[in-house]
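Please open the structure in your viewer and keep the selection tool at hand. The stops below are to be visited in order.

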Amino acid sequence: MIFVAIAVLLGLTAAAIWAGRRFVVVTVDGGSMLPTFTDGDRVLVRRTTLGRVRTGDVVVMRYTPGPHTIHHIIKRAVAVPGDPVPRDRVPPLADVPEPAVPPGRLVLLGDSPISTDSRHFGYAEERHLLGVVVRRMSVPTATAGRYGVFHE
């Protein structure tokens with residue numbers, strides 16, 4: 001009986017470690033994703049690679065507005081590698097030579113027109129991708145994930 005209890009405990013521990021490495025709970029800070037997400041909403045993010053991101057997915061990315069500043073942003077992927085470049089919606093991409101979003105890049109927009117996104121910085125790079133939002137959570141603030149608040 002003790003061996004069964006130990007095996008169950010080890011299994012639960014392994015599952016918790018796996019989940020902690022695969023998922024992150026983050027708090028939305030700002031209104032760039034209104035009306036989909038509001039300031040203070042908590043979302044479950046699945047870590048993933050760009051190859052698993054689909055057009056329309058909401059993603060969390062690292063954003064570095066300055067040499068010593070790192071923020072995390074939550075935006076909608078409006079174009080992924082291979083999709084047509086949305087020149088009409090994203091002015092910085094209006095004159096790029098390629099007809100499709102190149103490998104390792106994606107185009108991000110906030111759901112609100114007031115948003116710092118690809119309309120300001122052009123393509124987002126795969127190396128900055130944290131993951132895809134899986135769902136909204138109803139977790140109390142005191143139990144924030146390892147990353148706490150992500151600023152937009």
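Strands (E, at least two residues) and helices (H or I, at least four) are DSSP runs, numbered from the N terminus; two strands pair if DSSP finds at least two bridges between them. The model is predicted, so to read it note that local features need pLDDT of at least 70, side-chain atom pairs count only at pLDDT 80 or more, and totals for chains, interfaces and linings use all residues. Residues are numbered from 1 along each chain as its sequence is written, and side-chain values use heavy atoms, with hydrogens and water left out.

Select strand β1 (residues 23-29) and strand β2 (residues 42-47): they run antiparallel and are joined by 5 bridges. Within this pair, Val25 stands opposite Leu44 of β2.

Next, select Asp41, in the loop between β1 and β2. Is Asp41 buried or exposed? Asp41 counts as buried because its relative accessibility is 15%, where buried means under 20%, exposed over 50% and partly exposed in between (1.4 Å probe, protein chains only). A polar atom of the Asp41 side chain lies 2.8 Å from the backbone nitrogen of Thr38.

Finally, move to Thr116, in the loop between β5 (105-109) and α2 (118-121). At 35% relative accessibility, Thr116 counts as partly exposed. Ile73 is 43 residues away from Thr116 in sequence, yet their C-alpha atoms are 8.7 Å apart in space.

Note on methods
Polar contact = N/O pair within 3.5 Å; in protein donor to acceptor, adjacent residues only side chain to side chain.
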